[in-house]
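Hello,

Here is the structure I said I would pass along. Please have a look at it first, and then read on for my notes.

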Amino acid sequence: MESALIVSCTEKSTVYITELLNAASVKHIAVLPSCGEARRLLLERDFDLVIINAPLRDESGESLSRHIASKSLSQVILVVKSEFFEAVSAVCEGDGVLTVSKPVNRAVFWSALTLAKAACGRLRRIQAENARLKQKIEDIRVIDRAKCILISFMSMSEQDAHRYIEKQAMDMRATKRVIAEGILKTYES
């Protein structure tokens, strides 16, 4: 994990969590005292991890944690008082929020941090795969449009259009997408 946001209104907790994150080699750590400020900052940039030390001055932190977990790729750890742990955990776990009770046990927090790191890595791999698949779908759309143009304007069959694009790609040492875009530029202009 590269970056973390700590939302906490107590200095003692902020220092403790910062020490743990430094030990976990988190490079960029931002600290804010309220949910409102955190919401504003999260509109501007993303964090790999958000740690919310509840309660905060302006709200409990539960709503913010659920919002972040459902709207971004950030991993969220919500630290709550032990008497509220079970109830808050039951509500938040469905959204993917990791809940830790106070007083914070270093080993338990470290486990939550390790789980958050693992989930962050998994989400990044899924996001990269998703982007790759979207690109592939877009390539297929462009190539299919180019085939349709060849079929319409050059009276080729679908197989001939496909072979033409493949052969041009091999001969010109380019991708089929680049050849298809050239065909689209030529005939759609």
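**Helix packing and cores**

Helices α5 and α7 cross in a left-handed sense. Please keep in mind throughout that this is a predicted model. The axes of α5 and α7 (residues 176-188) come within 9 Å, with a crossing angle of roughly 45°. That angle makes α5 oblique to α7. On the α5 side, the contact is made by Q135, E138, D139, V142, I143, R145, A146, I149, L150, F153 and M154. Facing them from α7 are K176, R177, A180, E181, I183, L184, Y187 and E188. Sorted by class, this contact has 11 nonpolar, 1 polar and 7 charged residues.

D144 is found in α5, which spans residues 106-154. Is D144 buried, exposed or partly exposed? Its relative accessibility is 36%, so D144 counts as partly exposed. D144 and A180 are 36 residues apart in sequence, and their C-alpha atoms are 8.3 Å apart in space.

C120 also belongs to α5. With 5% relative accessibility, under the 20% cut-off, C120 counts as buried. Setting aside neighbours within four places in sequence, C120 is in contact with M1, D48 and Q75. Between C120 and S155, which are 35 residues apart along the chain, the C-alpha separation is 51 Å.

Next come two more helix pairs. A pair of packed helices is described by the angle between the axes and the distance between them.

- **α2 with α3:** The axes of α2 (residues 35-44) and α3 (residues 62-71) come within 10 Å and cross at roughly 15°. These two helices are therefore roughly parallel to each other, as the angle is under 35 degrees. The crossing of α2 and α3 is left-handed. C35, A38, R39 and L42 from α2 meet S63, L64, H67 and I68 from α3. By class, that contact has 5 nonpolar, 2 polar and 1 charged residues.
- **α3 with α4:** Here the packing angle is about 25°, and the axes are 10 Å apart. So α3 and α4 are roughly parallel to each other too. The crossing of α3 and α4 is right-handed. E62, S65 and R66 in α3 meet V88, V91 and C92 in α4. The residues of this contact divide into 3 nonpolar, 1 polar and 2 charged.

Now for the cores. In soluble globular proteins, nonpolar side chains tend to be buried together. How many residues are in the largest nonpolar core of this model? There are 22, and those with the most contacts inside the core are L5, V7, F47, V50, I52, I68 and L78. The elements giving two or more residues to this core are the strands β1 (3-7), β2 (28-32), β3 (49-53) and β4 (75-81), together with the helices α2, α3 and α4 (85-92). The largest share, 4 residues, comes from α2.

Not counting residues up to four places away in sequence, V7 touches L32, S34, C35, A38, V50, I51, I52, N53 and L56.

Happy browsing, and do write back with any questions.

Best wishes

Conventions: Residues numbered from 1 in each chain as written. Predicted model: local features only at pLDDT ≥ 70, side-chain atom pairs only at ≥ 80, totals over all residues. Heavy atoms only, no water. Axes fitted to C-alpha atoms, helices over the stretch in contact; angles between N-to-C directions. Parallel < 35°, antiparallel > 145°, perpendicular 65-115°, else oblique. Left-handed = near helix turned anticlockwise from the far one by under 90°. Contact = heavy atoms within 4.5 Å. Nonpolar A, V, L, I, M, F, W, Y, C, P; charged D, E, K, R; others polar. Core = buried A, V, L, I, M, F, W, Y, C linked by side-chain atoms within 4.5 Å. Buried < 20%, exposed > 50% of the residue type's maximum accessible area, 1.4 Å probe, protein only.
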